[in-house]
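Reader: I would like to learn how to read this model feature by feature. Please start with strand pairing.

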Amino acid sequence: MREPQIDYAEVFHALPGMVALLTPDLVYVDANEDFQRLAGRTREQLLGRYIFDVFPENPNDPAAAGMRETRTSMLRAVATGERDTMAVIRYDIEDPQRPGRWAEHFWSPVNAPVLGPDGRVVLIVHRVEEVTELIHARGGAGSSDRQARVLEAELYTRSRELQEVNERLRRAHSREREVALALQEAMMPAPVPVGQHRAAVRYRPAVGALNVCGDWYDLVDLPGDRLAIAVGDVVGHGLKAACVMGQLRSALSAAARVADGPARALEVLGLYARSVDGAESTTAVKVFLDWDDNTVTYSSAGHPPPALLHPDGTVTFLDQATDPPLGARPEHVPRPQTATPFTDGATLVMYTDGLIERRTEDIDAGLTRLTDSLTSHHLIDPEALADALLADLLPPEGNTDDIALVVICL
């Protein structure tokens, strides 16, 4: 059976309700028939024009806020790549046949992004339901008329309150993100020089006000020509995750200074994590580097495996000493650790899952991307390699999870 040939342009123009398409710069690309009819503008009067040149705000209403709120909603959809539903707004329209005459209108708008193949917003679908008649509905004279007017005022007032609550929530989340980022930056300063060895670290917060997480890295000098490195990831988002991260990072840093190996350091951290609310299911990997005997000793608590980049460009994942995340077992069990040799000129790369994982993919796809990038850039120094990995592996729309990254030349 042949599939029917659908003319989607005709479908768009026949859609019931007001629908328009705009560029990310808020310029009209198209508008369906209901939009043209109810807005009182022809397609030719809309296409190629900035939305607020076509529909300016009523200059006779000093309290008018429809243009500002509509612009904010549309630009937020462009910035976040997510649908933005507005409360009912009043937005008067000038009569095209009688310039200077403004008709009162109430609208219920939704702005939805359309993403291109690269994940960037290419269009905004602006769908609007006119609710003017509903707001103005009257059942007749007398008490019913008064009741209708009360209903009108109540509906409009509640919608304005909803808009204000949404704005306050967005500001509060934005403030929480700023505090969480400041806390993470304070706890993860640039590392001190690691002797003659070159190292680079990166921290990239998640894109979006609600997605700051609890990723961390840590570097600790040990006696002799040795170094302890850790990378970890606390489950959850926001300020609470950042606070838990700070406690666990400090505890593991202290444990590394007295433990006889990375496994024992993670055991101590696991015992401590039981007393920290929100530390359950945290993942972490601990590595001890020893340049005296050219060995990497490691232990992992459910964390993505470190990558050992050899001078010839081949990559080995350190995945032979992996155990469950912190707090995953009801009783304390010793953690495994493994040592592997390295040659001069190799590079160790440690990271959190935001660098490699995508929600629609198996983790192996991310590890393959990481391997390909490391092989392509195996001749450059740690600073350049760290930048190259972020450029190669981050999606075009930005990382939706935090990323901590440590690169050390061995």
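Author: Strands pair if DSSP finds at least two bridges between them. Here strand S3 (residues 84-85) and S7 run antiparallel, joined by two bridges. Aspartate 84 has asparagine 111 in S7 as its bridge partner. Strands are DSSP runs (E, at least two residues), helices are runs of H or I with at least four, and both are numbered from the N terminus. This is a predicted model, where local features need pLDDT of at least 70, side-chain atom pairs count only at pLDDT 80 or more, and totals for chains, interfaces and linings use all residues. Residues are numbered from 1 along each chain as its sequence is written, and side-chain values use heavy atoms, with hydrogens and water left out.

Reader: Which strand runs antiparallel to S7 over nine bridges?

Author: That is strand S8 (residues 121-130). Valine 114 has leucine 123 in S8 as its bridge partner. Five residues lie between the strands of this hairpin, and glycine 119 there takes a positive phi near 85°. Strand S4 (residues 89-90) also pairs with S7, antiparallel, over two bridges. There, arginine 90 stands opposite phenylalanine 106 of S7.

Reader: How many residues of strand S7 are buried?

Author: Take the cut-offs before the count. Buried means under 20% relative accessible area, exposed over 50%, and partly exposed in between (1.4 Å probe, protein chains only). In S7 (residues 106-115), seven of the ten residues are buried, so the strand is largely enclosed by the rest of the structure. Across the protein chain, buried residues make up 46% of the 410 residues.

Reader: Now salt bridges. What is the distance between arginine 90 and aspartate 92?

Author: The rule asks for a side-chain nitrogen of Lys or Arg within 4 Å of a carboxyl oxygen of Asp or Glu. By this rule there are 14 salt bridges. The side chains of arginine 90 and aspartate 92 meet at 3.0 Å, N to O. Arginine 90 is partly exposed at 30% relative accessibility, while aspartate 92 is buried at 6%. Another salt bridge joins aspartate 95 and arginine 98 at 3.2 Å. Aspartate 95 is partly exposed at 22%, and arginine 98 is partly exposed at 44%. Salt bridges with shared partners also link Arg90, Asp92 and Glu104 into one network.

Reader: Why are aspartate 34 and arginine 37 separated by about one helical turn?

Author: Because they are three residues apart in helix H2 (residues 33-39). Aspartate 34 counts as buried at 19% relative accessibility, and arginine 37 as exposed at 56%.

Reader: Next, the core. Which residues have the most contacts inside the largest nonpolar core?

Author: In soluble globular proteins, nonpolar side chains tend to be buried together. A nonpolar core is a set of buried Ala, Val, Leu, Ile, Met, Phe, Trp, Tyr and Cys residues joined through side-chain atoms within 4.5 Å. The largest one has 24 residues, and Ile229, Leu289, Ile408 and Leu410 have the most contacts inside it. Elements giving two or more residues to this core include strand S11 (226-234), strand S12 (283-290) and strand S19 (403-409). A contact means heavy atoms within 4.5 Å. Leucine 410 touches, among others beyond four places in sequence, Leu289, Trp291, Val296 and Phe342. In the protein chain, 61% of the contacts with a separation of 6 or more are between residues 24 or more positions apart.

Reader: And phi angles? Where is serine 281 found?

Author: Most residues other than glycine have a negative phi, and most peptide bonds are trans. Serine 281 is not a glycine, yet has a positive phi of about 70°. Serine 281 is in the loop between helix H9 (262-273) and S12, and is partly exposed at 39% relative accessibility. Asparagine 294, also not a glycine, has a positive phi of about 55°. Asparagine 294 sits in the loop between S12 and S13. Aspartate 293 is placed in the loop between S12 and S13, and is partly exposed at 44%.
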